[in-house]
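Please look over the sequence and the structure below before reading the report.

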Number of protein chains: 4
Amino acid sequence: MRARIPVTVLGATGVVGQRFVARLATHPWFELAHLAASERSSGKSYSEACAWRMGGTAPYAGCKSRAVVECSPQAAFAPIVFSALDAGAARKIEPEFARAGALVFSNASAFRMEADVPLLVPEVNPEHLELLAVQRARRGWRGAIVCNPNCTTAILVSALAPLERAFGIEALLVASMQAVSGAGYPGVASLDALGNVVPFIRGEEPKVEEETVKLLGRVRGAAVEPAAIAVSAQCHRVAVVDGHSEAVSVRLRGAPSVAAVREVLEQWRAEPQERQLPSAPATPLVLHDAEDRPQPRLDVERDGGMSVHVGRVRACPVLGCKFFVLGHNLERGAAGASVLNAELALARGLVAL
Amino acid sequence: MRARIPVTVLGATGVVGQRFVARLATHPWFELAHLAASERSSGKSYSEACAWRMGGTAPYAGCKSRAVVECSPQAAFAPIVFSALDAGAARKIEPEFARAGALVFSNASAFRMEADVPLLVPEVNPEHLELLAVQRARRGWRGAIVCNPNCTTAILVSALAPLERAFGIEALLVASMQAVSGAGYPGVASLDALGNVVPFIRGEEPKVEEETVKLLGRVRGAAVEPAAIAVSAQCHRVAVVDGHSEAVSVRLRGAPSVAAVREVLEQWRAEPQERQLPSAPATPLVLHDAEDRPQPRLDVERDGGMSVHVGRVRACPVLGCKFFVLGHNLERGAAGASVLNAELALARGLVAL
Amino acid sequence: MRARIPVTVLGATGVVGQRFVARLATHPWFELAHLAASERSSGKSYSEACAWRMGGTAPYAGCKSRAVVECSPQAAFAPIVFSALDAGAARKIEPEFARAGALVFSNASAFRMEADVPLLVPEVNPEHLELLAVQRARRGWRGAIVCNPNCTTAILVSALAPLERAFGIEALLVASMQAVSGAGYPGVASLDALGNVVPFIRGEEPKVEEETVKLLGRVRGAAVEPAAIAVSAQCHRVAVVDGHSEAVSVRLRGAPSVAAVREVLEQWRAEPQERQLPSAPATPLVLHDAEDRPQPRLDVERDGGMSVHVGRVRACPVLGCKFFVLGHNLERGAAGASVLNAELALARGLVAL
Amino acid sequence: MRARIPVTVLGATGVVGQRFVARLATHPWFELAHLAASERSSGKSYSEACAWRMGGTAPYAGCKSRAVVECSPQAAFAPIVFSALDAGAARKIEPEFARAGALVFSNASAFRMEADVPLLVPEVNPEHLELLAVQRARRGWRGAIVCNPNCTTAILVSALAPLERAFGIEALLVASMQAVSGAGYPGVASLDALGNVVPFIRGEEPKVEEETVKLLGRVRGAAVEPAAIAVSAQCHRVAVVDGHSEAVSVRLRGAPSVAAVREVLEQWRAEPQERQLPSAPATPLVLHDAEDRPQPRLDVERDGGMSVHVGRVRACPVLGCKFFVLGHNLERGAAGASVLNAELALARGLVAL
């Protein structure tokens, strides 16, 4: 058994940063070397720097008195870096770590749509890691940046990938019902959330529409050719703590039957399952038979929030097929997504140690 | 000024029945003659028969000590009858009142899809009242039954009607986020509602799909020819008390611009507005400019719950146009809908007094 | 009929400020002369300056295009001024208006505990208005400041006043379950509110404990002698939008029976009822018989949020008597409270016009 | 290592029954021999008999296809029986199992207040197990019944026990804010729970008041002499899924300082900790320092829901000391409580094998 690899968490004090810390504190391959955060927090202990907001867990995941350092390679270098920074900070700080030789696994939106940056979901497009060579060559970095998509997109493409592979997707509509934790803390005001639906989340619909076609696209030379799929997203905030729900309608090539679609979803296994990556669920898509499942309250925490749940697969009078998808926005859609990306990169031998 | 017309409420003790009582207790044209309910309640006073569940109002709307009678024409006849019965009871009881000469305005689903029964929203298809003559002739009733649609459909077609008239609709997808009051009391268990989304409401999707094309269809001889629109509905329950939200995507003939769609929605006025019916809002469709509106908590109670709210009109990459609709499921979608139907029938001279 | 009196709202853009505007836009005695707010807002129209957050009402209460002015007597003087400022701003701005001759009715906590400032609930301690003469003499102001208590206190003392008068109170414990709207907007984070109880509201418990004994105290010379009552408050935030609930246990002199307590509560009428002030409910305390009432969702909006609801009056094995109290924190506890204070002052001839 | 002991769950399909199954499916000492439920369920597989409602867990805890049997000793005998029956069924069925020789650990209220039945919380009153001999002698049973208290009481006495032992309690008031899961499924209607507080839970206040003094009392001969403590409970339902919150004020002998009370609470360890029972948390009372903790959403799931959380210990102007308590109503207050009781009985050698 090899020694565990030191890793850094950038933005360790926020809602996603805490999820990174909780996952990494007990990870079999990684060792939490640095907890980094903004100037306001650096120099404090982790418990002074933030209130622990992850329900049901021992506060601070055993890192209560760890020192928080600043987000610079001088203070916080490690060969693998996880970033929970917001987009503005990420745009400045992530390249500093990549330049210093780190492989940065980022949850931020800053670099997702750059041509030479892999936007990665290990079950969906592991071959996009080819872009790392392009990125290093073009930017002259020893390290690199790998992004995971927006939470809503991550959950959506997890269900789409087997359908794209088996049939080909022509068009899709998705109406999301998103949890408040997706906006961080303090995030959504309770006066907006309680007993309410808010039909707008800033920047969310374009992200879903453009990230989906990059994720389902193919690497052609030095960039990804987006999939030729018409995507339309309508995003809503609902009074749920964790778990994004998505009503999806899709037009598939050859108009397969509902039974054929169900079988493809149920049989789906991909590289993370074959490699038995530590954060990969045994069943990446859980297909529900009960007519009223999945539901956030009952299903979203299963498998550490890493499985994606599909239910109510049925015919759509307009596009051919419709179904309901649920996933954990902070795990499959954020911290767990980045950690799984790092596991895949390591398993593929892409981390220089 | 003419004398007020006696009316009966069937099923007066339930969530919708109480809304009927509250509306009718102060109605300028109608006088609440009978509160009727099941055997369990008849013989009791209204306050003994049920707990008042309508927030913000004086309990029992002044009818606290009114006697509840049984749901038979012998006990509860009036020329106008409002029915909040469930489908099973409605199927038996509503014809008894129609046969006895009453015009029954029903919120139940029992007769909505019968060929000779008008399924009516006064702003949408007032000409369907022509079916009353067919119904009376065929069934040999002196009275008749007029239905309002399911709550989700009522709100949806209110936004679709001006688009169908101005452009023609080819296809539409709707994903609903429905309030718990739509299921009555006790209805949805709190363990299913709190912090949750339930992706299934029994019978709801077929209702939306078939009622919509009947409402937007045309009377041809003795029946309605359904509109030739492909309709697909995905229905979800969310943690909202009152107010159904709907994410709609629509393919319109001629692919009009967003500006053209907005103008049509904003200019929309119909017969209830022209006739200034007492329950008709001055503006049947309220078009919102703020990017995060309408919202159930802020908008659904306006105009006594009778206006329908539209927001976020924008281009849809798949079907051409998408928007968000909100309405009050218990008013525009139930009690208020039936009362407005009765007002239209009376204004058109269809009530025999 | 006399002309309506011009009034100003300070802090008109916030959650309480909007309530003031809605109440005053249609008030029979007052005319909304100035909408004032912070520098960030002044110069804008009211609808540019803030999003309207008061559910169920026409947005901006008809004041959509009114200009917002700055919070200075130069820009916004009126003989009656309502203040929804936060404590810091109030401490500076309210005296400027009082000095300029205005009678300031303040919802802020800044001056509530000053010896010469009446802390007023018209049904509870109207005689405390005597302090106005002291205040003017001591401070050399032509105008004066009158405060309403903290929302939790306002609701509590409304139920205590008749008991203090009829029996005398020796000690009381109150455990509150407070609505999120009490913290304004954005206020409480939804991650703290959804499906949760937060057992702490900064500053709230001391306010309840000290304001209650001032309100129930007597004017002795130039100050109020606090009532000799031991008060203990435990304050909690719950997932309710509007309406503070309070579980109260009280030790009364002479240990009256539950029946005697109920009768005193039910019979309670006070000066605002006698004078039929426009914002005064006919029944200041609504006594509920149903064992599960009052409830925020069902009862808090009655009478424009100005009645206080009491239920479950029963024996307490420790202090003798316990009951449950509910009131609207933004109306009886804030905007409505200040407006009722102004109505009382005007009716008593204390406003110089 | 000894063989695992066969156990039965009565009422295995309900909300508490499922918790029992989940706990026992992986218990180190017990082996789930029989899942028993009402006639409606017996004969079906477990997954046919009920929908799994325990969030975040694999459905049915691996017992999906186990057969459900009827609640009789003939069909479901085991030396240890856990009962999640409702009171009516428990009154009939539990004695049948006790007569047949089983030790029945019951969550039902049916026998809690019988003189010869131990009402047990292992950290609080393990010596009450002495009553088993009395019970067997009096009733002629080979087995016996051991009850855990009502959920609200279980959580309350967990915090009171160290104070009673260290100082003695004279009087206490508790205002509860209880989760909806306490009422089972379907239980509380969502129209009563969403954005609301209901100030009444049938039978709850008397249970808290009488069970508390039995639990804190002493065995005198053949019965428990209740503790001489005046107890007053006010019980409320709030919009929380799992976790009962309780605001407690207490009068202690000798009026100890807040620091002394905190120290007693923090140092508290009892027999389950000394014996390291499998379901016992290492720290039975978790004392929180943060001024806004504990909170249901953040704290209630820790330690499998078996730790009780105390926060905000401070002086009470009326009774001397007040604090806030939180615990998991379905674990520390129901299924986990019964399992811990069985572990204690087994460790003390009271189970005949």
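## Basis of the report

The model shown here is predicted, and every value in the sections below is computed from it.

## Helix H6 of chain B

Helix H6 of chain B runs over residues 151-166, and its 16 residues reach 24 Å from the first C-alpha to the last, which is close to the 22 Å expected at 1.5 Å a residue. The helix has a kink of about 35° at Leu160(B), and this kink lies shortly before the proline Pro162(B).

Is H6(B) mostly covered or mostly uncovered? Of its 16 residues, 14 are buried, and H6(B) is therefore described as mostly covered, given that a residue counts as buried when 20 or more other C-beta atoms lie within 10 Å of its own. After the helix comes Gly168(B), which has a positive phi near 95°.

## Two helices packing in chain D

In chain D, helix H6 (residues 151-166) packs against helix H9 (residues 258-267) at an angle of about 120°, and the two axes are 9 Å apart. H6(D) and H9(D) are therefore oblique to each other, and their crossing is right-handed. On the side of H6(D) the contact is made by Pro162(D), Leu163(D) and Ala166(D), while H9(D) contributes Val261(D), Val264(D) and Leu265(D).

## Helix H8 of chain A

Helix H8 of chain A, residues 204-215, has 12 residues and reaches 16 Å from its first C-alpha to its last, close to the 16 Å expected at 1.5 Å a residue. Which residues of H8(A) are buried? They are Glu204(A), Glu205(A), Lys207(A), Val208(A), Glu211(A), Thr212(A), Lys214(A) and Leu215(A). What covers these buried residues includes helix H6 (151-166) and the strands S7 (169-178), S10 (223-225) and S11 (230-238) of chain A.

## Where chain B touches chain A

The contact between these chains takes 35 residues from chain B and 35 residues from chain A. On the side of chain B that touches chain A, at least two residues each are supplied by several elements, including strand S7 (169-178), strand S12 (244-252), helix H11 (296-299) and strand S14 (308-316) of chain B. The largest share of that side, 6 residues, comes from S11(B).

## Cis peptide bonds in chain B

The peptide bond from Tyr185(B) to Pro186(B) is cis, with omega near 0°, and Pro186(B) is placed in the loop between S7 and helix H7 (190-193) of chain B. The peptide bond from Arg293(B) to Pro294(B) is also cis, with omega near 0°, and Pro294(B) is placed in the loop between strand S13 (285-287) and H11 of chain B.

Asp303(B) has a phi near 55°, a positive value in a residue other than glycine, and Asp303(B) sits in the loop between H11 and S14 of chain B. Why does Asp303(B) count as buried? Asp303(B) counts as buried because it has 23 C-beta neighbours inside 10 Å.

In chain C, Ala61(C) has a positive phi of about 50° although it is not a glycine, and Ala61(C) is found in the loop between helix H2 (46-49) and strand S3 (68-70) of that chain. Ala61(C) counts as buried because it has 21 C-beta neighbours inside 10 Å.

Notes: Residues are numbered from 1 along each chain as its sequence is written. Chains are lettered from A and ligands numbered from 1 in the order in which they are written. This is a predicted model: local features need pLDDT of at least 70, side-chain atom pairs count only at pLDDT 80 or more; totals for chains, interfaces and linings use all residues. Helices (H or I, at least four residues) and strands (E, at least two) are DSSP runs, numbered from the N terminus. The expected span of a helix is 1.5 Å times one less than its number of residues. The bend at a residue is the angle between axes fitted to the seven residues ending there and the seven starting there. A residue is buried if 20 or more other C-beta atoms lie within 10 Å of its own, exposed if 12 or fewer, and partly exposed in between; C-beta atoms are placed from the backbone. Axes are lines fitted to C-alpha atoms, for helices over the stretch in contact, and angles run from 0 to 180 degrees between N-to-C directions. Angles under 35 degrees count as roughly parallel, over 145 as roughly antiparallel, 65 to 115 as roughly perpendicular and the rest as oblique. A crossing is left-handed if the near helix is turned anticlockwise from the far one by less than a right angle, and right-handed if clockwise. Two residues are in contact if their C-beta atoms, placed from the backbone, lie within 7 Å.
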